[in-house]
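Let's take a friendly walk through this model, one local feature at a time. Have the viewer open and follow along.

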Protein chains: 2
Amino acid sequence: MSDFSSFSGSNVLITGGLGFIGSNLAIRLLELGADVTVIDSLIPEYGGNLFNLSGYEKKLKINIADVRDPHSMKYLVQGRDYLFNLAGQTSHIDSMTDPATDLDINCRAQLSILEACRQFNQSVRVVFASTRQIYGKPDYLPVDEKHPLRPVDVNGINKMAGEWYHILYNNVYSIKCSSLRLTNTIGPRMRIKDARQTFVGIWVRRILEGMEFEVWEGSQLRDFTYVDDVVKAFLLVAENSMAEGKIFNLGGNRRISLNELAETLVNINGKGSYKKCSFPAERKKIDIGDYYSDYSLIKNTIGWEPETTIECALQKTLEYYSRNIKSYI
Amino acid sequence: MSDFSSFSGSNVLITGGLGFIGSNLAIRLLELGADVTVIDSLIPEYGGNLFNLSGYEKKLKINIADVRDPHSMKYLVQGRDYLFNLAGQTSHIDSMTDPATDLDINCRAQLSILEACRQFNQSVRVVFASTRQIYGKPDYLPVDEKHPLRPVDVNGINKMAGEWYHILYNNVYSIKCSSLRLTNTIGPRMRIKDARQTFVGIWVRRILEGMEFEVWEGSQLRDFTYVDDVVKAFLLVAENSMAEGKIFNLGGNRRISLNELAETLVNINGKGSYKKCSFPAERKKIDIGDYYSDYSLIKNTIGWEPETTIECALQKTLEYYSRNIKSYI
């Protein structure tokens with residue numbers, strides 16, 4: 001396994017760097033000796049939160065900017081060795097009520113970023129955060145990268161296009177890009193104010209506030225990855241030339257029903273309660289049923305696999321928010 | 001086979017209706033007794049040409065508007081029975097040099113149109129003009145609808161997203177949409193000023209102007225459909241409930257190399273010459289090699305198949321432009 005020494009002294013840009021995965025990645029890169037700049041727009045409905053990098057403000061640069069602004073991006077991509085491209089609109093429901101904004105962020109801004117790289121920094125190494133959402137309702141399980149793409153919401157369609165721009169710029173302009181299709185990711189620094197980033201966020205908030213949380217349906221199977229494992233995947237992909245131009249699934253080491261996840265969360269917390277609900281009508285239309293990933297491609301290509309159990313992931317998450325909940329609600 | 005009586009007295013909107021396929025479709029719908037409105041922006045680099053509907057101006061409504069304008073579209077979709085959605089940026093090369101404009105037309109405008117339908121005309125029947133370009137370089141031939149989508153240029157990525165918006169609005173909002181993945185289409189009213197719409201356009205122009213035309217590479221196989229056959233496919237799909245929410249390939253009845261196509265064109269014209277060239281560098285990167293469609297899905301579902309031979313298609317095309325070339329260059 002890599003010691004990630006290639007990041008020491010490197011110049012790194014992280015879009016969405018005040019968000020959940022972006023901020024965890026930024027902190028890890030600081031530990032590895034990188035010179036880190038994060039970009040974030042701090043749009044209230046998204047994942048960015050200044051508290052995510054609290055205590056690190058003097059060790060890295062925080063640049064508040066919107067990736068939809070092509071002028072800022074032209075300047076900001078220059079001189080970077082690595083660009084971790086995690087800025088995005090993530091809410092499925094918001095993408096249906098405001099499709100144009102989802103398009104601007106998940107498509108137009110991605111094109112601007114890649115155009116900026118093409119014009120001003122062709123040697124940058126780019127890793128894009130994609131999503132399992134682009135597969136839609138699975139034909140078979142576990143879902144591998146050959147599964148047809150049939151997104152079931154505007155967010156999925158736009159993320160699919162955003163991913164393909166990256167592969168295109170790799171193939172046509174030789175800008176080294178990779179894409180990771182993330183499954184449900186949990187851990188410290190995720191958004192817990194509501195379910196816009198992950199439904200586990202609102203579960204964690206409610207259980208820590210002593211309130212009942214809702215399990216929609218409940219029998220559907222999912223896989224979960226802990227954020228540290230996801231951060232490791234981004235780093236491994238970035239430093240490995242075998243990953244250039246490639247798309248990889250990430251996945252969890254266990255499939256689990258939402259009912260069992262809820263029960264596990266309550267057990268680890270020591271108290272708490274939830275109620276089972278049927279899907280809200282507008283949500284039912286875009287639900288995908290069971291989903292879990294086949295991550296053997298990334299395992300076989302560059303040796304990544306998830307290490308953290310769901311129990312450990314939930315425990316660390318609860319510990320983090322027990323201490324810091326005021327900064328997230 | 002249908003007599004298309006369902007279109008008699010129907011209220012039809014055609015976006016891109018001054019363009020190649022749109023104008024041929026408009027004329028056919030007039031013959032069938034429909035009340036036709038065409039929308040076109042007449043952007044000089046695109047397919048729209050007022051001459052395409054010359055002589056029909058009093059029989060239909062020509063509304064100059066840009067599909068990127070959501071306000072006009074909100075009004076224009078109202079009261080329609082059918083919406084044939086053919087407006088698009090089609091040039092592969094232009095999509096690489098100006099990806100943002102391609103995105104606006106092929107993604108943002110499509111979302112606006114569908115949102116307008118959702119808000120103001122949920123009962124409209126929509127048929128979208130998609131493209132074989134979204135398959136990218138084929139894994140196997142002939143290419144059926146199950147072939148993975150791996151577009152090789154920005155235009156292909158954006159058309160893929162535009163198609164998926166239609167399927168999504170069908171599935172989630174019950175707006176009846178279908179998509180046709182067109183292969184190379186030729187015939188009267190195509191753009192011949194340059195190769196922005198099809199390379200056959202510039203071949204036809206040059207041969208009629210007594211100039212040598214260029215065959216890039218030449219051994220690659222393609223299929224071609226004559227525009228009247230494509231128009232028939234749009235009509236069959238629009239009136240058939242079996243086609244709702246579906247995506248179909250169109251295809252030609254013969255695969256033919258570009259060398260043979262060039263030779264056939266010269267023979268039918270009775271004179272003319274061409275030279276073989278290697279691909280320009282920027283074009284080579286996005287070329288897909290051999291391509292031809294498997295159109296058995298639409299044949300088996302609603303009975304469409306191409307009827308016009310390539311020889312007949314070329315002959316009718318040459319006849320049309322011999323008479324009208326001044327209006328197209």
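## A proline loop in both chains

In chain B of this predicted model, P142(B) sits in the loop that runs between β5 (125-131) and α5 (154-173). The peptide bond joining L141(B) to P142(B) is cis, with omega at about -10 degrees. Chain A has a cis peptide bond as well, between L141(A) and P142(A), and its omega is about -10 degrees. There, P142(A) belongs to the loop between β5 (125-131) and α5 of chain A. If you are checking backbone geometry, these bonds are worth a look, because most peptide bonds are trans.

For context, most residues other than glycine have a negative phi.

As for location, L42(A) is part of the loop between β2 (35-40) and β3 (61-64) of chain A, while L42(B) is in the loop between β2 (35-40) and β3 (61-64) of chain B. Is L42(A) buried or partly exposed? L42(A) counts as partly exposed, because it has 15 C-beta neighbours inside 10 Å. L42(B) is partly exposed too, with 15 other C-beta atoms within 10 Å.

## A phenylalanine in the nonpolar core

The largest nonpolar core holds 196 residues, and the members that touch the most others are F234(A) and F234(B). Which residues does F234(A) touch, leaving aside those up to four places away in sequence? They are L25(A), F84(A), V127(A) and L180(A).

## Two crossing helices in chain A

F234(A) also takes part in a helix pair, being one of the α7(A) residues that meet α1(A). The axes of α1 (residues 20-31) and α7 (residues 227-239) of chain A come within 9 Å and cross at roughly 65 degrees. With that angle, α1(A) is roughly perpendicular to α7(A), because the range for this class runs from 65 to 115 degrees. The crossing of these two helices is right-handed.

On the α1(A) side, the residues in the contact are F20(A), I21(A), N24(A), L25(A) and R28(A); their partners in α7(A) are V227(A), D228(A), V230(A), V231(A) and F234(A). Sorted by class, this contact has 7 nonpolar, 1 polar and 2 charged residues.

## Where the chains meet

How many residues does each chain bring to the contact between chains? Chain A gives 21 residues and chain B gives 21 residues. Within chain A, α4 (99-120) and α5 (154-173) each supply at least two residues of the side that touches chain B. The largest share of that side comes from α5(A), with 9 residues. By class, the side of chain A that touches chain B has 16 nonpolar, 1 polar and 4 charged residues.

L221(A) is located in strand β9 (residues 221-226) of chain A. Although L221(A) and Y292(A) are 71 residues apart in sequence, their C-alpha atoms are 7.2 Å apart in space. Apart from residues up to four places away in sequence, L221(A) touches R255(A), I256(A), S257(A), D290(A) and Y292(A). L221(A) is partly exposed, because it has 17 other C-beta atoms within 10 Å.

D81(A) is found in the loop between α2 (70-76) and β4 (82-85) of chain A. What separates D81(A) from S10(A) in sequence and in space? They are 71 residues apart in sequence and 6.2 Å apart in space, C-alpha to C-alpha. Again not counting residues up to four places away in sequence, D81(A) touches S10(A), N11(A), V12(A), V124(A) and R125(A). D81(A) counts as partly exposed, because it has 18 C-beta neighbours inside 10 Å.

In chain B, D287(B) lies in the loop between α9 (281-284) and α10 (296-302). D287(B) and G136(B) are 151 residues apart in sequence, while the C-alpha to C-alpha distance between them is 8.4 Å. D287(B) counts as partly exposed, because 16 C-beta neighbours lie inside 10 Å.

Definitions and conventions
Residues are numbered from 1 along each chain as its sequence is written. Chains are lettered from A and ligands numbered from 1 in the order in which they are written. This is a predicted model: local features need pLDDT of at least 70, side-chain atom pairs count only at pLDDT 80 or more; totals for chains, interfaces and linings use all residues. A nonpolar core is a set of buried Ala, Val, Leu, Ile, Met, Phe, Trp, Tyr and Cys residues joined through C-beta atoms within 7 Å. A residue is buried if 20 or more other C-beta atoms lie within 10 Å of its own, exposed if 12 or fewer, and partly exposed in between; C-beta atoms are placed from the backbone. Two residues are in contact if their C-beta atoms, placed from the backbone, lie within 7 Å. Axes are lines fitted to C-alpha atoms, for helices over the stretch in contact, and angles run from 0 to 180 degrees between N-to-C directions. Helices (H or I, at least four residues) and strands (E, at least two) are DSSP runs, numbered from the N terminus. Angles under 35 degrees count as roughly parallel, over 145 as roughly antiparallel, 65 to 115 as roughly perpendicular and the rest as oblique. A crossing is left-handed if the near helix is turned anticlockwise from the far one by less than a right angle, and right-handed if clockwise. Ala, Val, Leu, Ile, Met, Phe, Trp, Tyr, Cys and Pro count as nonpolar, Asp, Glu, Lys and Arg as charged, and the others, Gly among them, as polar.
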